[in-house]
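Have the structure open while you read.

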2 protein chains.
Amino acid sequence: MQFFAEPLAKLIDELRRLPGIGAKTGQRLAFHILSMPQGDVKRLAEALMDARERIRSCSVCGNWTDGETCIVCSDPGRDRSCICVVERPEDVIAMERTREYRGVYHVLGAAISPMEGIGPGDIRLSELVDRVKRGNVREVIIATNPNTEGEVTAVYIANLLRPLKVEVSRIAHGLPVGGDLEYADEVTLARALEGRRGM
Amino acid sequence: MQFFAEPLAKLIDELRRLPGIGAKTGQRLAFHILSMPQGDVKRLAEALMDARERIRSCSVCGNWTDGETCIVCSDPGRDRSCICVVERPEDVIAMERTREYRGVYHVLGAAISPMEGIGPGDIRLSELVDRVKRGNVREVIIATNPNTEGEVTAVYIANLLRPLKVEVSRIAHGLPVGGDLEYADEVTLARALEGRRGM
């Protein structure tokens, strides 16, 4: 038995594809959307398309941007001699929230994960090496997630950068082990940054 | 400090307007959307617009439909002599899920609520009276929510329909199936006791 009119059923179906949205939430959201002014729904639909079409990777660090370079890389006030290496663009946001870090970033795209078939060649490591080789880089702070994949990636990067005579550090384990950088609170993340050690 | 590129910030902002979606969830959904194939995002955006544009009220019962009458009212197999009165279209879905009810519906749009400034003239009561007056209605089952507003509305409808010589009933109050007697509130338990039936 089909309970919903077809456009409504289709909307619920599309909403349910989003992470963390099940049958009940999808239905609740769809019902809410039907009660929204048409202009608001149009604005939401356009924001979806617009973000997906216009957001791409920063040509320098791999962070999300709607221009050629991202907000951080475009900022003349940032310290380009210090590169913070993170797994994903959402981690840049998490780091920026600390308001403690004044350097720039390098987004790997993922961590090395043999389980998921992600090897060193699948993440943006050669771009990182190139950036460091181009010179004027004093320190590379590795801020991959504090889990197995993140640690493996950190060690791999440290070994990779060793011949380049650059200082390599790892953010401190002030972060709960097994956690996710994206969801860490600002204070913990700031402490982790502050307590980084050479490796 | 603006952490996000403008189209991304706008998308998060639009997502946060939806019920139950806060800053973190909005961000998580937006990040997921950026990683989705462009075709999937387009389909979601179109589903949003399409549902909002095409879904309207059934001319008979007020349920949602993309045609002139809703799925229930269009079904020749439904018993038109029995009308179940509910507050909102989502309540029709809840009733349909039981697969027990073979009559038709009447959606009020809301319950009478002096606190929210919703009076009897603001909900679809005259339409209900018209339907009953048109004849061939044997029973009206009032399935408004079991809260103060729903009860007030139920009593109001019962009084309204009394001169029309139609049977008016109210869905039973009692313990939810699978519930626990120990944790039931007093009012529910009193109602369950009051509504006991021989077995």
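Let's start with A:Arg78, which forms a salt bridge with A:Glu96, the closest N and O atoms being 2.8 Å apart. (A salt bridge here is a side-chain nitrogen of Lys or Arg within 4 Å of a carboxyl oxygen of Asp or Glu.) This pair ties together distant parts of the chain, 18 residues apart: A:Arg78 sits in the loop between strand 2 (64-65) and strand 3 (79-86) of chain A, and A:Glu96 in helix 4 (residues 89-97) of chain A. Helices (H or I, at least four residues) and strands (E, at least two) are DSSP runs, numbered from the N terminus.

Are these two residues buried or exposed? Both A:Arg78 and A:Glu96 are buried, with buried meaning under 20% relative accessible area, exposed over 50% and partly exposed in between (1.4 Å probe, protein chains only).

## What you're looking at

This is a predicted model, where local features need pLDDT of at least 70 and side-chain atom pairs count only at pLDDT 80 or more, while totals for chains, interfaces and linings use all residues. Residues are numbered from 1 along each chain as its sequence is written, chains are lettered from A and ligands numbered from 1 in the order in which they are written, and side-chain values use heavy atoms, leaving out hydrogens and water.

## Salt bridges across the chains

Over all chains, the search turns up 29 salt bridges, and four of them cross the interface of chain B and chain A. One such link is A:Arg43 with B:Glu14, at 2.8 Å between the closest N and O atoms.

B:Glu6 also pairs with A:Arg54, this time at 3.3 Å. B:Glu6 lies in helix 1 (residues 6-16) of chain B and A:Arg54 in helix 3 (residues 38-54) of chain A, so the pair joins two chains. B:Glu6 is partly exposed at 40% relative accessible area, and A:Arg54 is partly exposed too, at 35%.

There's also a salt-bridge network linking A:Asp13, A:Glu14, A:Arg17, B:Asp40 and B:Arg43. Within it, A:Asp13 and A:Arg17 come to 3.4 Å at their closest N and O atoms.

## The interface itself

In all, 52 residues of chain B are in contact (heavy atoms within 4.5 Å) with 53 residues of chain A. The two chains bury about 5600 Å² between them, 70% of it on carbon and sulfur atoms; that is accessible area (1.4 Å probe) lost on being put together, summed over both. On the chain B side, B:Phe3, B:Leu48 and B:Arg52 lose the most area to chain A.
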